[in-house]
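Colleague: Could you take me through this model? I would like to begin with the DNA and then turn to the helices.

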Amino acid sequence: MSRSIFALVDCNNFYASCERLFKPWLIGKPLVVLSNNDGCLISRSDEAKALGIPMGAPYFKIKPLIEASGVRVFSSNYPLYGNISERVQDLLEEICPRVEAYSIDEWFLSLPDFPETALETFARDLRVKILTSTGMPVSIGIGESKTLAKLANYLAKKTSETDGTLCLTTCNKKQSALEKTDLKYLWGIGSGSVQKLEKLEVRTAQNFYNLPPALVRKVLGVTGLRTHQELHGLPCLQLEDYPEDRKSVLVSRSFGSVVTKREELDEAVSVFSKLAAQKLHRGKMVCSTVSVFLRTNRHKPGDQQYRPNIVISLPTANRSTGEITKAALAGIKEIFKEGYHYKKAGLFLLDLQNEKLVQNSLFSPRDTKSENLSCALDLIDRDFGNAAIHYGTRDHYACWKMNQNLRSQSYTTQWSDLLQVKG
DNA sequence: ATCCTCCCCTAC
DNA sequence: TAAGGTAGGGGAGGAT
């Protein structure tokens, strides 16, 4: 059996590019996208990068720079990004039989071990095809392992003469790639690993590549060793064709303003419960444990800090919005204390199982009626938007809702947001 | 001896 | 004034 080759297709400045898809007047203009609650900067167009706008910075800190240089700013719009992502994925699946959706803007492909020139042609053609049929600019990296495909992709993005694609399947190209790459840009090497390797005078990918495996194992553990072997062309990570069942569901938000009252938290947590139950439903999963947490503002050391959490077992594994909400509210009742400035709350669903594998408990069979109701509510939400119908009140929404003051329209997922073309 | 929990690390 | 959200793996060290 011949070896297989990995390709990584990665969208360029994905969120920023999505925003621009429906706003052609922004082509060539600098723009950025903010995280939830308009907190940090999470995507920049090339023009914004060129202006020296830093990635990940808190918005309020770089607002002066942004305003001075005329950069357009958008709150994040996940329904839009998710839909554009689906379009790219559908296209990839038409072209390639083995596709792994790695993240919202990245896909690994498994390719036959063709000669380098054939792989390069494939990558260039694919890139053009995606650009012309979805409008999304991508970069494509090719290598003998996922880690090498990642490296190729990084260099394809960074280097203008690569035309957005790079193939590292030949030895000398791989060596020159390793030489010019800083250690911290390797996939799997984060800031912690960089610090440890710094002490060994290891600074480039090439330095790391040349370390003896036993030393890598000792310093970085088995995950680091895996990265090392992958760089040497020994694939340790396989293509994950079909998605694994997820192991947990998390819904959490920072609040737009300070929350102090129990009723406000109850309302927020009810909404989180509904979102969490929807995620379970869409994955055909049930859960038997709910965990709720509250957080004060860690950026205000002057404030009295309190970050409680509580774990609640459900009598039966299920995914009813009502059951999950009830458990979550019971949890809030336990951990809530007067007098704190709450900044964030969240809900974990744990002990997830695929519904097919679940046994009915003898003493408390699953409440299928309640689950059917949740299912119906979910469908209504999908057609009419997420705030269409919900448990409990919305009287306090203004207190806890996140800031999203700069959000664009959901052009492709909400009828009310369809793009208007003037005639 | 094995399990469990917490914490760290990583990625996007 | 203002500082994100979601998911997973591994390892240390206590609990059983």
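Colleague: Which residues come nearest to DNA strand C?

Modeller: Please note that this is a predicted model. There are 26 residues around DNA strand C, and Arg-246, Leu-250, Ser-252, Ser-254 and Lys-300 come nearest.

Colleague: What kinds of residues make up that surface: nonpolar, polar or charged?

Modeller: The surface near DNA strand C has 10 charged, 9 polar and 7 nonpolar residues.

Colleague: And which element supplies the largest share of it?

Modeller: That is strand E9, with 6 residues. E9 spans 249-259, and at least two residues each also come from helix H3 (59-68), helix H10 (213-231) and strand E12 (342-350).

Colleague: Which part of the DNA faces the protein, sugar or phosphate, or bases?

Modeller: Of the DNA strand C atoms within 4 Å of the protein, sugar or phosphate accounts for 76%, and bases make up the rest.

Colleague: Which side chain has an N or O atom 2.9 Å from a phosphate oxygen?

Modeller: That side chain belongs to Arg-226. For Lys-344 the corresponding distance to a phosphate oxygen of DNA strand C is 3.2 Å, and for Arg-298 it is 3.5 Å.

Colleague: Now the helices. At what angle do the axes of H1 and H4 cross?

Modeller: The axes of H1 (residues 14-21) and H4 (residues 78-95) cross at roughly 95 degrees and come within 10 Å. The two helices are therefore roughly perpendicular to each other.

Colleague: Which residues make the contact?

Modeller: H1 contributes Phe-14, Tyr-15, Cys-18, Glu-19 and Leu-21, while H4 contributes Tyr-78, Leu-80, Tyr-81, Ile-84 and Ser-85. Of the residues in this contact, 8 are nonpolar, 1 is polar and 1 is charged.

Key. Residues are numbered from 1 along each chain as its sequence is written. Chains are lettered from A and ligands numbered from 1 in the order in which they are written. This is a predicted model: local features need pLDDT of at least 70, side-chain atom pairs count only at pLDDT 80 or more; totals for chains, interfaces and linings use all residues. Side-chain values use heavy atoms; hydrogens and water are left out. A residue is near a molecule or strand if one of its heavy atoms lies within 4 Å of it. A polar contact is a pair of N or O atoms within 3.5 Å; within protein, one must be able to donate a hydrogen and the other to accept it, and residues adjacent in sequence count only if both atoms are side-chain atoms. Helices (H or I, at least four residues) and strands (E, at least two) are DSSP runs, numbered from the N terminus. Ala, Val, Leu, Ile, Met, Phe, Trp, Tyr, Cys and Pro count as nonpolar, Asp, Glu, Lys and Arg as charged, and the others, Gly among them, as polar. Axes are lines fitted to C-alpha atoms, for helices over the stretch in contact, and angles run from 0 to 180 degrees between N-to-C directions. Angles under 35 degrees count as roughly parallel, over 145 as roughly antiparallel, 65 to 115 as roughly perpendicular and the rest as oblique. Contact means heavy atoms within 4.5 Å.
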